[in-house]
Amino acid sequence: MTIVQPIQIQVAQKVFEAWDKLGVNGRAEALKKALNTFPDAQRKMAAWQIDNAEKSIAETRVMPGPTGERNELSNQGRGVFLCSSFIEGDNAKVGLVGQVFTALIAGNPVITVGPTGQEVMDMIAPFVAEGVVQNIAESAQDSLIEADHLAGIATLCDPAQAQLFSQRLAAKSGLICQLVEETDAENLSSIAKPHYLLRFVTERTVSNNTTAIGGNATLLELGSMND
Amino acid sequence: MFKAIEVLQPNFIQRPLNELWQLISPLYNMDEEKWLKELLPLAKPSEGELENQTNAAANLIADVRQDDDSMSMIDALLLEYSLDTKEGILLMCLAEALMRVPDKETADAFIKDRLSVADWASHAKNSDSFFVNASTWGLLLTGKIVTMDEKKDGTPANLVNRMVNRVSEPVIRKAMNQAMKIMGHQFVLGRSIEEALSRGKSYRDKGYTYSFDMLGEAALTAADADKYLTSYMKAVESVGKDTYSQKHRPTISIKLSALHPRYEVGCEERVMTELFDSVKGLITKARSLNVGITIDAEEADRLELSLHLFEKLYRDECTKGWGLFGLVVQAYSKRALPVLVWLAALSKEQGDRIPVRLVKGAYWDSEIKLCQQRGINGYPVYTRKESTDVSYLACANFLLSEHARANIFPQFASHNAHTIATISCIAKQLGASADEYEFQRLHGMGDALYNRLIKDSDICVRIYAPVGSHKDLLPYLVRRLLENGANSSFVHRLIDASYPIADLIDHPVTTLESRKSLANPHINLPANLFDDRKNSFGPNIEIDSDWTPFKAKIDVFMGQDTQWRAFPIVGGEKVATGQSHSIKSPYDHSQTAGQIDWADAATVTKAINLAEAAFPAWSARPATERADCLDKMADLMEENYAELMALCHREAGKTIQDSIDEVREAVDFCRYYAQQARSHFADPTSYTDFLGSEKQTKLNGRGVFTCISPWNFPLAIFTGQVVAALVVGNTVVAKPAEQTSLIAFRAIEMLHQAGVPTDVLHLLPGDGATVGAPLTSDKRIAGLAFTGSTGTAQLINRTLAARGVAPVPVIAETGGQNAMLIDSTSLPEQVVRDAVRSAFASAGQRCSALRVMFVQADIADRVIPMIKGAMQEQTVGLPYLHSTDVGPVIDKKAQDMLLEHIKHMTKESKLIAQAELPDFAKNGTFVAPTAFEISSIDQLTDEKFGPILHVVRYKARDLDKIIDTINNSGFGLTMGVHSRNETTCARIASRARVGNLYINRDQVGAVVGVQPFGGQGLSGTGPKAGGPHYLQRFAIEQDL
């Protein structure tokens, strides 16, 4: 049976590669332009997430190992993220902005829900490629949650809702869709932490055999170094 | 360790041959300091000798510098394009690959890739050599043109420029191919022996003679080995017809790895029969035509095997009484001296002189790298260049001594002025006459030195000259040259008149003795590869002194009388549940490895109760204390290495090297996570929150973790998950795979022994229904780590989610549909070796194993038959034998599934090859390695976890489409890429959505902390095991 995937997922999937390829610094440049339009607390949250990403995941890490091989560890976006908040209030809105910016800076296209989502997206949209941010009506949310290629959901909700989400996502076939829940709307105790970002990335190792054509230059250099 | 200086006593070589043989192997990885202290006195000249040697070297260099026309083409090339410059390397890369690229598109892209990154202009007019300048101008011109069509930001340039490019591409390609031909002409003496003899005549007029070699890649298939044998035969015949002079007849050098597809220790039986027969045929023919034969030296792992074969050939009737059958010994090897001693004794015993070419050695950097990768206890080669030079002179002192040169005809191969001058001095001093030894040099190198030498003395100088088609030889020669890059620096300084002679003639003994340490402090021993933790150790199974004693320890556990008896371990108690299951060895179901009781419901509940109660105290312990337990565990596993390996063989059906790798990975996990925990979990970290206030957080344990692990890495993955959860502060209930619970039982016993409290860690062997279900449905489970199939991961996730409690972390590592992409710039021999290993090692039962290989259509007809041939050389057999490449699959269920897939694919696609199964295969669960050609990855639905490879041909222009189809499979675990074009590699790397990408190597065997492992999409949740973010997912980040 062919299931028709929601159009938003298809749109987001299409821009994913290009958005992800920009790298943290490229995305930060675009996203920072959007910051000014956000109210104070939201702006601080967004800026903090961008800054955190620049500090922690922007650079490719060169891993130690044998000579003659270059091993690098880098971070990529996971795919399309749905960001939503089921809690009203200014603080929750800061939380939502935190989710959205974290998901975006990590390399994921983001879809939000309803009028609150629309407001956030409208402020970001002018600065990113079309399709990187999208918003859907609440009525469309279910079909999006069921969609095959949804990589994850970041949501601000109460514990009972989080459980329900967890069950719905687990019921799906295909990849294990990540639930990144925040149930502490008052303190945002998950969202406002340095490691929150890691839930939105997937890591990639590239191992390059630099001696494939012969010489092991690093080693030759070490061998001829004077002590 | 023997006293090196004693070899100078004439009666040393009269000791029993076997006694002398025993001196060789233990020096394989002998402590470098200790052994060099032994060796130095043998190389050290007296004051008077030192003065003589130094003067001789200085005079030689001064003379050479006067003859400015005697620099050869290759010397000139190396002088301009020194291998420590980017341009030098790029030029060599181009030379290595361009000629084998059959299709224009790939060739053009490759040229562009190589030429557009270097600064060719800086080399123009620098060299006096016409040849070098001609190629520089070519490169300069093309380098400019190929960079024209793209602006810096990657947008296409204007139309005119692009048109120039399009028009000029064929011209550039032609010019580059021409340049490569010129290079080929310089490196290769002739395409046939006839051509070589004719081109070599001018040198022979000067007094040189030759040793010819049909150099090339090692044979991977029987067909290639036959081909090489035929060409050696022809070469012998042609040289036999040479009438130039009966004095100093040219000889033939033979590379054994070209004559047999499996010239390796594991295949000793075949080497001593099949390869023996091939070489014997060559010797017989060569002897009838009076053409000497020299066996080339290859990797250190093959040294002992090569000597066995040499001895058998030497003692054979075909060689007895001849005296022209010789071999090469590498001075960079710690074993060189005892090898020479043994050869002298062998020769003395039989009475036929053995010609021995003493070289410094050409595989230095790959030897070092290999030992680092395998965790070998030391290196087989010296880590300083001057130590190799010292060894060379020590060996020369022995070879030129009266008792040695009576039995061995020494042939000194070197391009180093000091070495050559010193050897001449030593010979004079020891009374060796000019006809008792000779010098050798490579074609195209060292002309200046030897032209001078040959003018001044009547010593024989033999040129070692590659013969064969440029296309086949250039890649090989370039790789050798690159590996031997240190040579270029000497050429440089020798010719450069501004470089003071005094700095070129330091005696290596003086240099070495002036060092603070004899071993090179910049090259860490394999054990010290990492700054912050000890590397795991592995014995070298190719080396007698390393492997034989180790194997004896394993053998203690290999008999049927050794049976393990395992139980669930709860609260430190072995729980006899009465539900006993015996574990059959996958390779022979009539044999058992032991018995295990499965846990029942009550046992599971009790374990969770205890784990829950133990959590507060355990998580309150300092992370450093928990880390200490992991380090202790690592040491305990190394102490119990032999038993764990026996369990890997008998319970999991793992081969010897796989079992070593298994234990090593488990050890590495422990030490890596211990180190990570110390750095990130011991103390709180501060950060400024989004509102600007300073905060402190700490990573803490979450509670009871469930760890469910697979049978394919029964110790490594099992231990890795468990210790990661533990070190963070969680308590653990662990369910190993039903098939491999015995080794898990031993691992838990050792963890308790290592200090993990018995109420913190519990073992619950059993099936999914009785053990897996409660371990995922209990509300107290605070997180779960799982490795296994995608389907099971989904099921587990559902059960956990249905508990009616807050969601918990699920760290799942699941399947893959792993691809390898091969373009036409790649080297087929390397591709085939890596593909066969990636697809069939461990009987394909690795998550990372290669399933679908995409070969560019232009080279498919070369690569696919090679895969077929290489598969026919794979030995399916008993996993504990060294000769076995592929062991059994885990059980009947796996076997049935795989055989069903083979049956299905045989109908649906084209069978490429299937390896043979031995007769005893029916006693166990074996599946023959099988390869199919299919039209698209879409023909496959899910992962088939076994030794089955699928091959797809693709057109170069469809590369992006291929990447899309691979991405669309939804899996994203590993991918291999073989290409010499860095732009292509980078493009694939940026587009492929996989967790682990491997360029120009095999795609299995990720190393902890080096290549963190794990996939995306359907292949897993991350974070990567053995990576810096893994532990964090087992923890909760809490503000203080």
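I started with a pair of helices in chain B: α16(B) and α18(B) are roughly parallel to each other, a label for angles under 35 degrees, with over 145 as roughly antiparallel, 65 to 115 as roughly perpendicular and the rest as oblique. Their axes, for residues 385-399 and residues 417-430, come within 10 Å and cross at roughly 25°. I noted that axes are lines fitted to C-alpha atoms, over the stretch in contact for helices, with angles from 0 to 180 degrees between N-to-C directions. Helices here are DSSP runs (H or I, at least four residues), and strands are too (E, at least two).

This is a predicted model, where local features need pLDDT of at least 70 and side-chain atom pairs need 80 or more, while totals for chains, interfaces and linings use all residues. Residues are numbered from 1 along each chain as its sequence is written, with chains lettered from A and ligands numbered from 1 in the order written.

Next I listed who meets whom, counting C-beta atoms, placed from the backbone, within 7 Å as contact. From α16(B), B:Tyr392 and B:Leu393 are among the residues that meet α18(B), whose side includes B:Ile423 and B:Ile426.

Then I checked between chains: the contact takes 73 residues from chain B and 55 residues from chain A. Helix α15 (residues 364-374) of chain B gives the most to chain B's side, with 6 residues.

Last, I found β8 of chain A and β28 of chain B pairing in the parallel sense over 4 bridges; pairing needs at least two DSSP bridges. A:Ser207 has B:Tyr998 as its bridge partner.

Terms used: Contact = placed C-beta atoms within 7 Å.
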